[in-house]
There are 2 protein chains.
Amino acid sequence: MSPTTFSLEELLAPVQADLERMRQVLIEALSTEGLVGERTAHVARFRGKELRAAMVLLCGQATGRLTDEHPKVAAVLELIHLATLVHDDVLDGADVRRNLPSVHVVWDEQTAILMGDMLYSRAFHLSTCLSSNLAARVLSMGAQRICAGELEQAARRYDFGMSQQEYEGVASAKTAELYAAACELGARYPDSPEEPASEQARMMRGFGEDLGLAFQIIDDVLDLTGEASVVGKSVGNDVEDGKVTLPVLHVYANADAAGRKAIESAFRDPCTGSRMDALRSACDLEPGIAHAKQRAHGLLTQALQRLMTLPDTTARRSLIQITEYVASRQK
Amino acid sequence: MSPTTFSLEELLAPVQADLERMRQVLIEALSTEGLVGERTAHVARFRGKELRAAMVLLCGQATGRLTDEHPKVAAVLELIHLATLVHDDVLDGADVRRNLPSVHVVWDEQTAILMGDMLYSRAFHLSTCLSSNLAARVLSMGAQRICAGELEQAARRYDFGMSQQEYEGVASAKTAELYAAACELGARYPDSPEEPASEQARMMRGFGEDLGLAFQIIDDVLDLTGEASVVGKSVGNDVEDGKVTLPVLHVYANADAAGRKAIESAFRDPCTGSRMDALRSACDLEPGIAHAKQRAHGLLTQALQRLMTLPDTTARRSLIQITEYVASRQK
């Protein structure tokens with residue numbers, strides 16, 4: 001895979017007009033009067049790369065299935081993504097999101113919990129206004145998988161004995177699901193959910209799943225290596241929260257008893273400074289980071305192979321470039 | 001209104017078989033393997049009076065619109081209710097629910113937030129499997145209103161200057177909405193949401209709205225006067241949380257400057273004992289409680305009048321008796 005030299009805007013050029021339509025739907029869905037409106041306006045500023053929304057549109061275009069409703073489907077997906085972000089920040093105690101204070105920092109945890117619920121409900125409501133209920137079905141199922149993944153993750157705090165497969169199960173559920181759903185819906189909407197998914201729709205779902213898992217693994221690497229000002233959110237959270245991610249699991253699995261004890265201690269023992277610094281002192285993270293990057297690279301290569309069955313279009317070229325973008329992202 | 005002498009089971013006798021079907025759907029929706037299953041199993045034990053579910057069925061029967069799908073619609077409603085309970089306990093810091101420890105007590109706040117999200121998603125998913133998307137539409141709209149009401153309530157903590165209308169706006173949104181939705185869906189399902197609601201469906205919605213608001217006012221009274229062992233959840237929470245409810249608003253509005261200061265102090269000043277005791281010492285709550293009970297009674301009388309347009313059936317008789325049950329409830 002060659003490092004990408006395109007900006008994300010360039011990669012999304014083939015679906016720019018539809019992305020703009022998606023944004024209109026999203027902005028309208030986030031516009032409310034009064035007290036709730038003030039809070040949704042803040043959440044609207046968390047809108048970021050809108051990569052998941054773009055995947056709906058690009059996969060629709062790449063499979064020749066794009067309809068007028070695809071931008072709305074994409075907006076529903078972004079709303080669910082925003083809902084998960086608002087709750088995630090509470091769960092993770094993360095105070096910064098896209099260089100802005102999190103909802104629970106501006107207001108309080110109660111507001112953040114309720115705003116997340118509000119966004120979920122608004123997303124589902126929007127999905128019930130579409131002509132096919134495929135999006136409502138796929139995304140309400142997907143939201144359950146995301147929650148199950150997050151619950152599993154919460155239960156596995158400080159679990160240094162987790163296998164790579166178990167880690168990937170959690171990462172796939174909590175992160176890859178929305179990418180998988182985006183790609184599936186792009187390739188399948190507006191079929192009825194009762195109609196079995198086509199071979200192509202299942203292939204696109206697999207592409208999203210690979211891409212999303214790679215995205216999460218790279219996210220976990222960035223939480224260990226990134227600079228908050230570049231990543232746009234606080235880093236070192238995983239260590240603070242007791243989340244044992246792939247790089248650490250790998251280093252731990254290959255450490256001797258003393259090395260393991262030092263890693264555990266950096267995560268758990270009373271600590272006056274930053275736990276991230278303690279972890280860096282406790283072990284050499286490099287081999288773990290290299291292992292995680294290699295795994296992400298392998299997943300992205302597999303994702304690219306899946307795209308080879310599609311006709312060569314500008315949309316497919318964008319999907320290929322997004323895969324390369326994910327591989328090289330620093331934020 | 002005569003005090004009811006029936007047990008709730010007797011009142012629900014006309015829809016007993018359908019309530020049993022509702023429970024089967026609900027239990028199935030709450031049965032999951034593994035880690036998530038352990039947590040949903042605990043939430044399943046919070047199932048209580050199932051009054052909202054019963055309203056779907058009774059309103060369906062009373063309007064002659066009951067279908068095979070009504071028990072499923074009722075189950076979706078109960079799932080949303082359970083989701084709000086789990087999040088409410090976090091928002092309110094309430095440690096006991098139906099004489100059981102709350103989710104955030106057994107596990108932690110993270111688990112409670114995620115379990116609520118999971119239950120919302122499961123409810124919406126179940127609603128997308130119905131033949132009409134009326135339930136999905138009405139309930140996703142309703143869930144937004146509930147969140148908006150809760151947000152308004154959070155923003156109005158310690159707001160002693162709230163008008164009764166503002167208080168009722170919050171109480172209606174956070175509590176009456178689910179009753180209103182239940183009654184509307186009972187009388188309207190499986191019409192398309194695109195079809196305007198009939199006069200009768202709007203009347204039934206109004207009945208649910210009145211009943212639900214009265215229910216919340218009585219709940220607020222019980223939080224001031226009830227015994228935890230009878231109510232089945234902790235009491236005195238509102239005072240602890242800075243929620244100024246109708247009885248207190250009334251007493252405050254009629255107090256002199258010194259009396260108002262004493263009430264504010266009971267809510268806000270550092271306090272070693274129970275704030276409820278402090279409030280009881282600060283003022284005579286009785287006139288406020290009497291005022292709130294009178295308002296609830298007025299709403300229930302209005303609710304009963306709405307039922308008079310329905311034919312005289314056993315279902316209507318049950319709805320009348322439920323209204324009397326709400327008037328006299330101690331828990």
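A nonpolar core is a set of buried Ala, Val, Leu, Ile, Met, Phe, Trp, Tyr and Cys residues joined through C-beta atoms within 7 Å, where buried means that 20 or more other C-beta atoms, placed from the backbone, lie within 10 Å of a residue's own. In this predicted model, local features need pLDDT of at least 70 and side-chain atom pairs count only at pLDDT 80 or more, while totals for chains, interfaces and linings use all residues. Residues are numbered from 1 along each chain as its sequence is written, and chains are lettered from A in the order in which they are written.

The largest nonpolar core has 208 residues, and those with the most contacts inside it are A:Leu77, A:Leu79, B:Leu77 and B:Leu79. Leaving aside residues up to four places away in sequence, B:Leu77 touches residues including B:Arg52, B:Val56, B:Leu139 and B:Leu178, contact being counted when C-beta atoms, placed from the backbone, lie within 7 Å.

The contact between the chains takes 32 residues from chain B and 32 residues from chain A. On the side of chain B that touches chain A, helix H8 of chain B gives the most, with 13 residues; helices here are DSSP runs of H or I with at least four residues, numbered from the N terminus.

Helix H10 of chain B, residues 199-225, is mostly covered, since 19 of its 27 residues are buried. Its expected span, 1.5 Å times one less than its number of residues, is 39 Å, and this agrees with its end C-alpha atoms, which are 39 Å apart. In the loop between helix H9 (164-188) and H10 of chain B lies B:Pro190, which a cis peptide bond with omega of about 5 degrees joins to B:Tyr189.

How values were computed: Helices (H or I, at least four residues) and strands (E, at least two) are DSSP runs, numbered from the N terminus. A residue is buried if 20 or more other C-beta atoms lie within 10 Å of its own, exposed if 12 or fewer, and partly exposed in between; C-beta atoms are placed from the backbone. Two residues are in contact if their C-beta atoms, placed from the backbone, lie within 7 Å.
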